[in-house]
Amino acid sequence: MTQKTTENRRLVLAQRPKGEPDANTLRLETVAIPVPEKGQMLLRNEYLSLDPYMRGRMSDAPSYAAPVEVDAPMIGGTVSQVVSSHLDGFAEGDWVVAFGGWQDYALSDGTGIINMGKNPENPSWALGVLGMPGLTAWAALKHIGQPKAGETLVVAGASGPVGATVGQIGKILGLRVVGIAGGADKCKHVVENLGFDACIDYKADGFAETLKSAVPEGIDIYFENVGGAVFDAVLPLLNTLARIPLCGLISQYNATSLPDGPDRMNYLMGQILRKRLTMRGFIVFDDFGQYYPEFASEMGAWVREGKIKYREEMIEGLEQAPEAFIGLLRGEAFGKRVIHLGN
């Protein structure tokens, strides 16, 4: 199915998932294209970002942001083109970074929109290395990780859009960087293409022992994207005064109960106390949005100079988005997963 100029396809939340989303979670429907009024513009979404946080928006449990309502379009970042505009500063044909959601067309009043002009290079990259994932990596490593040359950085989810960028920034800043990823192919990419010093396959036998051998001087910064058994292996290897930017816990997003086993909270708290660890969660635009211009300038230069490499996984068609999202939560993505909505 391709986009049309006469109708708006959209994926709406049909029901709240219990555990992993499935084929019944989202519903593809067709409605009329909305008409912009005064103070609005009509956007045609060209690229849709798929991100783990979206699983939380499907739930109505208390969170940092309101959930998507049942029968409402699924939310998501987009790169879009302006179809028509009643707003100063936006004209037909402009490419913009927006929050257009899982649909072909969306209205906007311009709030939070970034205008990239008529001919941006690699426009979809604004959903990855030059957008929210890139800012997440850059800001959390710098402002929470507080990196110092010669330290050891361990990155979970090292082949993903955030983790891959964190590790490459770490190398630029003079750190020894060890990645953690799922599978030999991903680990090979992380070392050979991204320049990490080592990458450990968490799916392989003896993961904890292999990780320990890879960090003989311990871990000074651990960039957390995963949680679960990966964090269990990392925790005893953290050095005194280690810093932990807590970006995500993808191993838990589909969980319906606490994991089996003993309560490890006292052990974690003891490690934080004795080692004087700093662990901080963050919401990227709430906590670090003010640094976006600095990030855009520095990251843009690194990308142009080839210091930061970027892998994008482009999937064709809005109808493919639900299955692609389920695969993302299972760890099947290899790079930044983007849906191409356009013709």
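Q: What makes strand 14 and strand 15 a pair, and in which sense do they run?
A: In this predicted model, strand 14 (residues 312-316) and strand 15 are joined by five bridges in the parallel sense.

Q: Which elements make the β-α-β unit, and what is its handedness?
A: The unit consists of strand 14, helix 10 (residues 321-329) and strand 15, and it is right-handed. That label applies because, with the strands pointing away from the viewer, the path from the first strand over the helix to the second runs clockwise.

Q: How do we know that strand 3 also pairs with strand 15?
A: Three bridges join strand 3 (residues 41-49) to strand 15, and the two run antiparallel. The threshold is at least two bridges, so these strands count as paired.

Q: Why is strand 15 described as largely enclosed?
A: Five of the five residues of strand 15 (residues 336-340) are buried, so the rest of the structure largely encloses it. Both faces are covered: Lys336, Val338 and His340 are buried on one side, and Arg337 and Ile339 on the other.

Q: Why is the contact between Glu46 and Arg44 called a salt bridge?
A: Their closest N and O atoms are 2.6 Å apart, and the cut-off is within 4 Å, so the pair qualifies. Glu46 has 9% relative accessibility and Arg44 has 19%; buried means under 20%, so both residues carry that label.

Q: What are the accessibility labels of Glu7 and Lys4, which also form a salt bridge?
A: The closest N and O atoms of Glu7 and Lys4 are 3.7 Å apart, which is within the 4 Å limit. Glu7 has a relative accessible area of 23% and Lys4 one of 44%. By the same rule, the count comes to 18 salt bridges.

Q: How do you know that helix 9 has close to its expected span?
A: Helix 9 (residues 292-304) has 13 residues and reaches 18 Å from its first C-alpha to its last, close to the 18 Å expected at 1.5 Å a residue. Its buried residues include Phe295, Met299 and Trp302, and helix 2 (132-145) and helix 3 (161-172) are among what covers the buried residues.

Note on methods:
Residues numbered from 1 in each chain as written. Predicted model: local features only at pLDDT ≥ 70, side-chain atom pairs only at ≥ 80, totals over all residues. Heavy atoms only, no water. Salt bridge = Lys/Arg side-chain N within 4 Å of Asp/Glu carboxyl O. Buried < 20%, exposed > 50% of the residue type's maximum accessible area, 1.4 Å probe, protein only. Helix = DSSP H or I, 4+ residues; strand = E, 2+ residues; numbered from the N terminus. Expected span 1.5 Å × (residues − 1). Contact = heavy atoms within 4.5 Å.
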